[in-house]
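Here is a short note for a colleague new to this entry. Please keep the model open while going through the points.

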Amino acid sequence: MRATRDNGPIALIGGLSGQPRSAAAAERKIAMTKIVVGSRQMTADLLRAIDFHGAISTIDRTFAFDDLKSALAHHESGEHFGKVVISF
């Protein structure tokens with residue numbers, strides 16, 4: 001918490017219940033956001049379903065790492081449909 005700037009964000013990944021409370025966060029107006037993830041079993045079920053149905057990700061465009069600025073600009077434009085891939 002000490003490394004977070006005033007009015008800065010903290011993402012709490014994996015919390016399944018409850019809301020974190022912190023007087024220091026409230027005093028410094030730090031925004032705490034929970035990102036809920038499923039259980040290990042849920043992930044295994046999802047992967048089995050993806051494999052069974054042959055689901056694949058849609059790739060909009062692939063950029064070389066050297067063209068990172070263009071890749072980020074393309075992503076930020078919101079014009080993409082699918083994944084924006086950066087290859088190394």
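1. Helices (H or I, at least four residues) and strands (E, at least two) are DSSP runs, numbered from the N terminus. By that rule the protein has three helices and four strands. Their order along the sequence is β-α-β-α-β-α-β.

2. A word on the source. This is a predicted model, where local features need pLDDT of at least 70, side-chain atom pairs count only at pLDDT 80 or more, and totals for chains, interfaces and linings use all residues. Residues are numbered from 1 along each chain as its sequence is written, and side-chain values use heavy atoms, with hydrogens and water left out.

3. Overall dimensions come next. The radius of gyration is 19 Å, whereas a compact globule of 88 residues would have one near 12 Å. This radius is taken over C-alpha atoms, and the globule rule is 2.2 Å times the number of residues to the power 0.38. The C-alpha trace spans about 45 × 35 × 25 Å along its principal axes.

4. Of the 88 residues, 9% are buried. Buried means under 20% relative accessible area, exposed over 50%, and partly exposed in between (1.4 Å probe, protein chains only).

5. Asn 7 has a positive phi of about 65 degrees. It sits in the segment before strand E1 (9-13) and is exposed, at 52% relative accessible area. Lys 29 has a positive phi near 55 degrees. Lys 29 lies in the loop between helix H1 (23-27) and strand E2 (31-35), and is exposed at 59% relative accessibility.
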